[in-house]
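Please look over the sequence and the structure before reading on.

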Amino acid sequence: MTVTRILMLTSKFLCATGPPTSPPKNLSVEMASMTTAVLTWNSLANYSTGGGEIRGFKLFFDKKGSANQDESVKEIPTEPKVIFKKLELNTTYCVSLSAVNDFGEGPRSQCIELNTPSGILCFLLLSELLLSLCFIFQS
């Protein structure tokens with residue numbers, strides 16, 4: 001009598017069953033000019049666990065200290081970069097993100113502050129530039 005052994009292999013299948021379980025990580029903001037800022041964060045692979053493929057993000061953006069605390073919410077594609085233009089001088093903004101997949105929206109990241117420079121600094125820089133130009137043309 002021949003005994004045949006059948007080896008059963010078990011595999012775990014990961015099934016996406018809900019929205020992302022963690023927020024986007026390592027948000028960073030840099031001023032590109034006096035009124036333009038660039039927000040970046042980690043790539044998709046770092047927080048797509050728990051909910052399948054990331055389809056996009058929700059960006060939450062509001063001006064701090066304003067009597068009118070209107071939060072702006074914008075859906076953005078999967079590229080981990082957003083450029084803010086025409087920001088007000090001498091203003092602090094609060095920026096946070098959440099990842100979105102086919103099952104819904106995940107938790108929001110902590111707010112990071114975006115601080116624009118003061119208009120006085122802009123005037124001083126312009127004044128120094130004009131003085132430098134005047135000096136060059138007088139020489």
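## Basis and overall layout

Helices (H or I, at least four residues) and strands (E, at least two) are DSSP runs, numbered from the N terminus. Read in that way, the protein chain runs β-β-β-β-β-β-β-β-α along its sequence, with 1 helix and 8 strands.

The model is predicted, so local features need pLDDT of at least 70 and side-chain atom pairs count only at pLDDT 80 or more, while totals for chains, interfaces and linings use all residues. Residues are numbered from 1 along each chain as its sequence is written, and side-chain values use heavy atoms, with hydrogens and water left out.

## Confidence

The predictor's confidence in each residue is given as pLDDT, from 0 to 100. The protein chain has an average pLDDT of 76, and 64% of the residues score at least 70. Strand S2 (residues 37-40) has the highest confidence, at 95, and helix H1 (residues 119-138) the lowest, at a mean of 51.

Residues 3-13 have pLDDT below 50, and this stretch makes 0 contacts (heavy atoms within 4.5 Å) beyond near neighbours in sequence. Where pLDDT is low, the predicted coordinates should not be read in detail.

## Burial and contacts

Accessible areas come from the Shrake-Rupley method with a 1.4 Å probe; for residues, only the protein chains shown count as cover. The protein chain exposes about 9,900 Å², of which carbon and sulfur atoms supply 58%.

A residue is buried under 20% relative accessible area, exposed over 50% and partly exposed in between (1.4 Å probe, protein chains only). Of the 139 residues of the protein chain, 29% are buried. Among contacts with a separation of 6 or more, 65% join residues 24 or more positions apart.

## Isoleucine 83

Isoleucine 83 belongs to strand S5 (residues 81-84). Which residues does isoleucine 83 contact, leaving aside its neighbours within four places in sequence? They are Thr36, Ala37 and Val38. The C-alpha atoms of isoleucine 83 and valine 38 are separated by 4.5 Å, although the two residues are 45 apart along the chain. Isoleucine 83 counts as partly exposed because its relative accessibility is 46%.

Asparagine 26 is in the segment before strand S1 (28-31). Its phi is positive, about 55°, although asparagine 26 is not a glycine. Asparagine 26 counts as exposed because its relative accessible area is 55%.

Asparagine 90 sits in the loop between S5 and strand S6 (92-101). Phi of asparagine 90 is positive, near 55°, in a residue other than glycine. With 58% relative accessibility, asparagine 90 is exposed.
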